[in-house]
Amino acid sequence: MSEAEPIPQSQRTIALVGLMGVGKSTVGRRLARRLHLPFADGDVEIEAAAGMTVSEIFARLGEPEFRAGEARVMRRLLEGERRVLATGGGAILNPETRALMKRRATTVWMRADLDVVAQRVLRRDTRPLLRGRDPLEALQALAEVRYPIYATADVTVDVAGGAHADAVEAIVSTLEAFWAQDQTS
C-alpha cells in the first residue's frame, strides 16, 4: 500500500461504525447496492477466515484472539478494493485499525438511541458481549467507552428507529455533502 498518494475521500471504502444492533450490516448491504459498490460484513469475513462463528471464537479462543483476528481481517478489507464495509462494533477500538480507516476509508458513525438498539439486539442471542447481561445496561457500558472513539468518524448519521431505506438515504446525502466539502478544502 502506497501512503505517498492519499486516496480522495470520495474514492475510499465507506466504513460503517457503531454499536451492535444499529443496522450496519442490513443498511450496509442496501447502501452498497445504492452506490453500486461491493459489500463486506466484517463479522462474516472473520467467521469465514476462522472457520467458526463469532460466538464460537469468543467461547473457544476468547475476546483477545477474536480482536486479533478482527484486526487482520479489517486490514485485508481496508487495503483491498473500494467497498461498503460493515465493521464489527469493536473494530475501530484497535488503534492500528482506526489509523488504517483514517487513511483508507470514509467512516460513518451510525448512531441510534440505546433503547432502540437494546430492543433490536434482544431478537438474536448471538452477541457474546451481551450474554447473561441486561442488554440496555451492557450497551450503556459499551457506549461509554466507544462513543468517544466513534465520534472521531468522518461523519455521523442518526439512524434512529426508522426504515432502512431512510437510513441509506441519510447516509448518502451526508456523504455527498462531506465529499463536496472535501473537494473545496
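## Terms and overall layout

Helices and strands are DSSP runs, numbered from the N terminus, and a helix has at least four residues. The model described here is predicted. In the protein chain there are eight helices and five strands. Read from the N terminus, the elements follow the order β-α-β-α-α-α-β-α-β-α-α-β-α.

The protein chain has 185 residues, and 46% of them are buried. Contacts can also be sorted by distance along the sequence. Of the contacts between residues at least 6 apart in sequence, 74% join residues at least 24 apart.

## Strand β1 and residue T13

Strand β1 covers residues 13-17, and T13 belongs to this strand. Is T13 buried or exposed? T13 counts as buried because its relative accessibility is 3%, and the cut-off for buried is under 20%.

Neighbours within four places in sequence are left aside in the following list. T13 is in contact with L78, E81, R82, R83, L85, R104, A105 and T106.

The loop between α1 (24-35) and β2 (39-41) contains H36. H36 is not a glycine, yet its phi is positive, at about 55°. Most residues other than glycine have a negative phi. The relative accessibility of H36 is 73%, so this residue counts as exposed; the cut-off for exposed is over 50%.

Helix α2 spans residues 42-50, and D41 caps its N-terminal end. In this cap, a side-chain oxygen of D41 lies 2.9 Å from the backbone nitrogen of D43. After α2 comes G51, which has a positive phi near 70°.

## Helix α3 and residue E56

E56 is part of helix α3, which runs over residues 54-61. With a relative accessibility of 31%, E56 counts as partly exposed. A polar atom of the E56 side chain lies 2.8 Å from the backbone nitrogen of T53.

Which distance separates the C-alpha atoms of E56 and F66? These two residues are 10 residues apart along the chain, and their C-alpha atoms are separated by 9.7 Å.

## Helix α6 and its buried side

Helix α6 is made of residues 114-121. At the start of α6, D113 has a side-chain oxygen that reaches to within 3.0 Å of the backbone nitrogen of D115.

Which residues of α6 are buried? They are L114, V117, A118, R120 and V121. These residues lie on the same side of α6, because they cover an arc of only 160° around the axis. The cover over the buried residues of α6 includes α7 (135-150).

## The cavity

How many cavities of 30 Å³ or more does a search of the whole structure find? The search finds one. The largest cavity holds about 40 Å³ of space.

The lining of the largest cavity is formed by V22, G23, V27, R120, V159, G162, A163, H164 and A167. By type, these lining residues divide into five nonpolar, three polar and one charged.

Terms used. Residues numbered from 1 in each chain as written. Predicted model: local features only at pLDDT ≥ 70, side-chain atom pairs only at ≥ 80, totals over all residues. Heavy atoms only, no water. Buried < 20%, exposed > 50% of the residue type's maximum accessible area, 1.4 Å probe, protein only. Helix = DSSP H or I, 4+ residues; strand = E, 2+ residues; numbered from the N terminus. Arc of directions from axis to C-beta. Contact = heavy atoms within 4.5 Å. Polar contact = N/O pair within 3.5 Å; in protein donor to acceptor, adjacent residues only side chain to side chain. 1 Å grid on protein atoms, 1.4 Å probe; cavity = no way out; pocket = protein on both sides within 12 Å on 5 of 7 lines; lining within 4 Å. Points joined across faces, edges and corners; volume = space filled by probe spheres on them. Nonpolar A, V, L, I, M, F, W, Y, C, P; charged D, E, K, R; others polar.
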